[in-house]
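Dear colleague,

I am passing on a structure for you to look over, together with some notes on what was found in it. Please read the notes with the coordinates open beside you.

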Amino acid sequence: MNRNGKFLLSVVLSASLLLCACGTETQAQSGYRSEFTEEELESGRASFQMDEKLSVDADVTPRFSYENGLSSYYLEVISEPDSEDEGAFAENITFSSHSRDEWEKFLNSLQKGRLKGKEFELDRSIYELKDWKYDGKNGRTYTIWAGWSGWSKKYGLDSRFNTAIANIFPSQGENFEINIMDMMRNCLDDCGGCNDLDFLQDPEEMAEKTRGFLEEASGRKICRKYEFVPAGQKNLERLHELVKKEEPSSLPQIESEMDKRIGEFIFYYDVDGLPFKNLYLKYFLQGDETADSLCYWSSPDSGNLVGISEHAQVADVDEKGLLKIDFSNTRRPGKVYKDKRSVAGPNQILEQIKAYYGRKLMLADVTVTDMELAYTGYFSDGSEGKIQPVVSPVWIVTVYDEELKGISGKKREFVYDAFTGECLREAENPE
C-alpha cells in the first residue's frame, strides 16, 4: 500500500473510533443502554431504558442456570408399570405408580382428611378409576376424578394406562369460584401486582405443602419457582370489566363473587433446574419430511405439528385451604437428544427485541417485563429419518406493549430457541 493509501486508511480508522466513542458517550449521557450489566446477569433483575419508548424492567433467568450449557431430550410418555396385562393390573391397581394407601398419605399431607373406600376400582369401558371421595377436615368433601389417556395404539404406545391425570374438586357447590380463577388466568394479561395472600394463614407453607404433594404423587422434581394468581379486588374488577364487554350474561355471577378471597398456585415440573412449560409451539413439515406417530398427539392435521409438553400443576386455595387441584403425570424428558451446548444469552435475545421494535414506528411505551429460560416440547431436526418429539430449552420474553388494542391485555410474547436464538413464535396475549 502506498503512502496515500496508508494515510487514507488511518483517517478512516480514526473517524470510526471517534464515531464509536461519540456514540458510546451520547448513549451514556442520554441514560440509554442496550445490554445487561454483569451484575444484572448474575442477580436476575434489571431495569434500564433502551431508548425513548423501549425499556427493560424485568426478571431475567440468572446466569448460573445456563452458564455450563444445557441439553435437549427425546420426549417420553409415562405409563403405569406392569400395566400391559390388563387383567392383572385390575387386580392390583396403582395410579401414577402409587397404591390407594399411598394416595391417602399424600392427600393428608396437603389437606388433613380421610380417603373413602378401601381399594381402587377400574372402569375398563373408559379406562378411569371409579369416583373416589376424600373427606377433608376443613369441612369439604372432595371428589377425585382420575384416569389415563386413550388412543395409545394410534400414537405407537403399547399401554393404555399412560398419561395419568386427576382432578380434585369439591363434591358440592363452589364451582363458580373455580371458574373465576380459570377466567382470570386465561383472560387477564397480568394477574400479578395484587398479592392478596393475607386470607392464607401461611402462604409459603401452603405453597410448600402443594409442592410436596406434587413431588410425592408424581415421583418427580417440581420447579421451586412458582406463580400465584390472586383473585383480589383489583383483579376481580378488571375481570368484571372484561366480562361486561365480552360476556354480559355472566355479570350477575361475577358480581356475586366480588368479595371472594381465593387464589391459584401454578407449579411446573423441573428439567435441569428450569420449568417444563406447555407453549404449544408449531412446526410445519417441509417437503418430504415425515414424523413419528407420537408427534401427532397434539396436532390437528398431518402437516402441522404442535409441541407436546407437560401440563402446569394448578392448585386453587381459599381461607379454608385447598379448593381444587389439577394433577397430571404424563410426559417427561427421556434419553438425551443433544448433549450440553452453550446457550444464547439474554443480551443476544435482547438485541432481537430491539431490532423487532426498531422496524416499527413506536407511538407508545413498550417494556420488557420478563425474560425466562424454560423447557418446552418441540421437534428434532429429522436426522434420524423422521421428525421426533423432543424437550428443548427456550427463552420466553414477555413485553408490555401499550400499542396493543385488545381488551384482554397488552402482552406480547416472544419465544426463542435457546441454542440458536431463532424466533420460534411472536404472539399477542397467548394462552
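Is Glu310 buried or exposed? The model is a predicted one, and in it Glu310 is buried, with a relative accessible area of 1%. Its salt-bridge partner is Arg220, the closest N and O atoms of the two being 3.1 Å apart. The pair links distant parts of the chain, since Arg220 sits in the loop between α6 (203-218) and β9 (227-230) while Glu310 sits in the loop between β14 (304-306) and β15 (313-318), 90 residues apart. Arg220 is buried as well, at a relative accessible area of 13%, a value that falls under the 20% limit used for that term.

Other salt bridges

The structure has 24 salt bridges by the rule applied here, and among them is the one between Glu42 and Arg63, whose closest N and O atoms are 2.7 Å apart. Glu42 belongs to helix α2 (residues 38-43) and Arg63 to the loop between β2 (54-60) and β3 (70-77), so this pair ties together parts that are 21 residues apart in sequence. Glu42 is partly exposed, with a relative accessible area of 43%, whereas Arg63 counts as buried at 18% relative accessibility.

Asp326 forms a salt bridge with Lys324, and here the closest N and O atoms are 3.3 Å apart. Asp326 counts as partly exposed at 22% relative accessibility, while Lys324 is buried, with a relative accessible area of 6%.

Nonpolar cores

In soluble globular proteins, nonpolar side chains tend to be buried together. In this model the largest nonpolar core has 81 residues, of which Phe95 and Phe213 touch the most other members. If neighbours within four places in sequence are left aside, the contacts of Phe95 include Trp103, Phe120, Leu129, Trp148, Ile165 and Phe327, and also Glu80 and Gly147. There is a second, separate core of 18 residues, and Ile387, Val394, Ile396 and Val415 are included in it.

Two buried polar residues

Thr143 is found in strand β7 (residues 141-149) and counts as buried at 6% relative accessibility. Its side chain makes a polar contact with the side chain of Lys133, at 2.7 Å. Not counting residues up to four places away in sequence, Thr143 touches Asp131, Trp132, Lys133, Asn167, Ile168, Phe169 and Ser171.

Ser83 lies in the loop between β3 and α3 (86-91), and at 2% relative accessibility Ser83 counts as buried. Where in the sequence are the residues that Ser83 touches, once those up to four places away are not counted? They are Phe89, Ser159 and Phe161. Ser83 and Arg160 are 77 residues apart in sequence, yet their C-alpha atoms are 8.1 Å apart in space.

With best wishes

Conventions
Residues numbered from 1 in each chain as written. Predicted model: local features only at pLDDT ≥ 70, side-chain atom pairs only at ≥ 80, totals over all residues. Heavy atoms only, no water. Salt bridge = Lys/Arg side-chain N within 4 Å of Asp/Glu carboxyl O. Helix = DSSP H or I, 4+ residues; strand = E, 2+ residues; numbered from the N terminus. Buried < 20%, exposed > 50% of the residue type's maximum accessible area, 1.4 Å probe, protein only. Core = buried A, V, L, I, M, F, W, Y, C linked by side-chain atoms within 4.5 Å. Contact = heavy atoms within 4.5 Å. Polar contact = N/O pair within 3.5 Å; in protein donor to acceptor, adjacent residues only side chain to side chain.
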